[in-house]
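Subject: Structure for you to look over

Dear colleague,

Please find the structure below, followed by notes on what was found in it. I would be grateful if you could read the notes with the model open beside them.

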Amino acid sequence: MAECLTLGLDIGSTASKCIVLKNGKEIVGSAVIPAGVGTSGPARACSAALECAGLAPDTKLPTAATGYGRHTFPGADYTLSELSCHAIGAHALFPEAKTVIDIGGQDAKAIRLSETGKLGDFLMNDKCAAGTGRFLDVMARALELDVTELADKDAEATNPVPISSTCTVFAESEVISQQAKGVNLADLVAGIHNSVAARCASLVKRLGLVAPVVMTGGVAQNAGVVRALERELGVKIAVSPLAQLNGAYGAAIAAYEKHIKEQNHGAD
Ligand code: ADP
């Protein structure tokens, strides 16, 4: 079979993610650029992933775009919802998975996979920043930490501080006033993670918890949130090192399937 490369691009609210895939399976290039819709991030993510695959940065491959900003990308042959792409990506990485939890920069989704590993039911919180990456970004900034430092801080906690405000703005004030009172930083971070996990767990429970569970999206890289969610749900959660790239991975797989189908029809 001739080699077929496809490109999957996930244009999110905060980051652009891109995967170059060989024959619908093997990742040969990838890039995450921390700039999302309305920025140069999507174009930069494509160029970087193509270069990572040893290709010229302007190479044109069959391309599927997904994510919040998918309709803004002129180079896409196909567009798919991020729900579909996260389902496809998670099923490819964890064929046994039944539930996918995706927490990104501005929303949280609970997805039930169908028997064939496609998108089944889903529930989404996209109305409020609480329980999303945005909440964690705001809290990390208030505590003068980088989001990448939150998990290690959380691991030092002995007595997590409950965060009573559900609104991001009020919760930020609450965190600042707790810090002013001298509350231990690690306990504060763990409390923040528990608050995100509680909101996300209620979404999953409303959908109906069916194991095995996989977590995707940028926030899955925060082991503190993953641990807190495991405690809330009482199940183990599988996380791939590709978690943030999962939507782009699903898009690249979909681009391959659609491209091959079109070629086969063309050959009829
Ligand atoms: P979107 O698709 O909406 O752009 P992503 O799925 O890319 O969102 O996730 C972005 C969020 O992931 C950020 O808001 C941030 O909180 C979190 N994040 C990104 N990288 C890391 C990391 N290395 N460690 C912890 N959290 C991270």
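Two strands are taken to pair if DSSP finds at least two bridges between them, and the helices (H or I, at least four residues) and strands (E, at least two) are themselves DSSP runs, numbered from the N terminus. This is a predicted model, in which local features need pLDDT of at least 70 and side-chain atom pairs count only at pLDDT 80 or more, while totals for chains, interfaces and linings use all residues. Residues are numbered from 1 along each chain as its sequence is written, and side-chain values use heavy atoms, with hydrogens and water left out.

The sheet with β6 to β10

On that definition of pairing, 5 strands form an open sheet with mixed pairing, in the order β8-β7-β6-β9-β10. The edges are taken by β8 (119-125) and β10 (237-239), each of which has a single partner strand, so one side of each is left without a neighbour in the sheet. Direction ignored, neighbouring strands of this sheet are turned by 25° against each other on average; axes here are lines fitted to C-alpha atoms, for helices over the stretch in contact, and angles run from 0 to 180 degrees between N-to-C directions. Strand β7 (residues 108-113) runs antiparallel to β8 and is joined to it by 5 bridges, and Ile111 has Phe122 as its bridge partner in β8.

Two helices pack on this sheet, where contact means heavy atoms within 4.5 Å. Helix α2 (residues 82-93) touches β6 (99-103), β7, β8 and β9 (213-216), and its direction makes about 60° with that of β7. Helix α7 (residues 223-233) touches β6, β9 and β10, and its direction makes about 155° with that of β10.

The sheet with β1 to β5

An open sheet of 5 strands, also with mixed pairing, has the order β3-β2-β1-β4-β5. Its edge strands are β3 (26-33) and β5 (78-79), each of which pairs on one side only. Strand β1 (residues 5-11) and strand β4 (residues 63-66) run parallel and are joined by 4 bridges, with Leu9 standing opposite Ala65 in β4. Helix α1 (residues 41-52) packs on this sheet, touching β1, β2 (16-22) and β3, and its direction makes about 145° with that of β3.

Helix packing around α5

Two packed helices are described by the angle between their axes and the distance between the axes. For helix α5 (residues 168-180) and helix α6 (residues 185-207), the angle is about 160° and the axes are 10 Å apart. That makes α5 roughly antiparallel to α6, given that angles under 35 degrees count as roughly parallel, over 145 as roughly antiparallel, 65 to 115 as roughly perpendicular and the rest as oblique. The crossing of α5 and α6 is right-handed, meaning that the near helix is turned clockwise from the far one by less than a right angle. Val175, Gln178 and Gln179 of α5 make the contact with Leu185, Leu188 and Ile192 of α6.

Helix α3 (residues 133-142) and α5 have axes that come within 10 Å and cross at roughly 25°; the two helices are therefore roughly parallel to each other, and their crossing is right-handed. On the α3 side the contact is made by Phe135, Val138, Met139 and Ala142, and on the α5 side by Thr168, Ala171, Glu172, Val175, Ile176 and Gln179.

With buried meaning under 20% relative accessible area, exposed over 50% and partly exposed in between (1.4 Å probe, protein chains only), 7 of the 10 residues of α3 are buried, so α3 is largely enclosed by the rest of the structure. These buried residues are Gly133, Phe135, Leu136, Val138, Met139, Ala140 and Ala142, and they pack against β6, α4 (150-155), α5, α6 and α7.

Backbone points to check

A cis peptide bond joins Ala211 and Pro212, with omega about -5°, and Pro212 has its place in the loop between α6 and β9. Asn23, in the loop between β2 and β3, has a positive phi of about 50° although it is not a glycine, and is partly exposed, with a relative accessible area of 22%. Glu144 is likewise a residue other than glycine with a positive phi, near 55°; Glu144 lies in the loop between α3 and α4 and is exposed, with a relative accessible area of 75%.

With best regards
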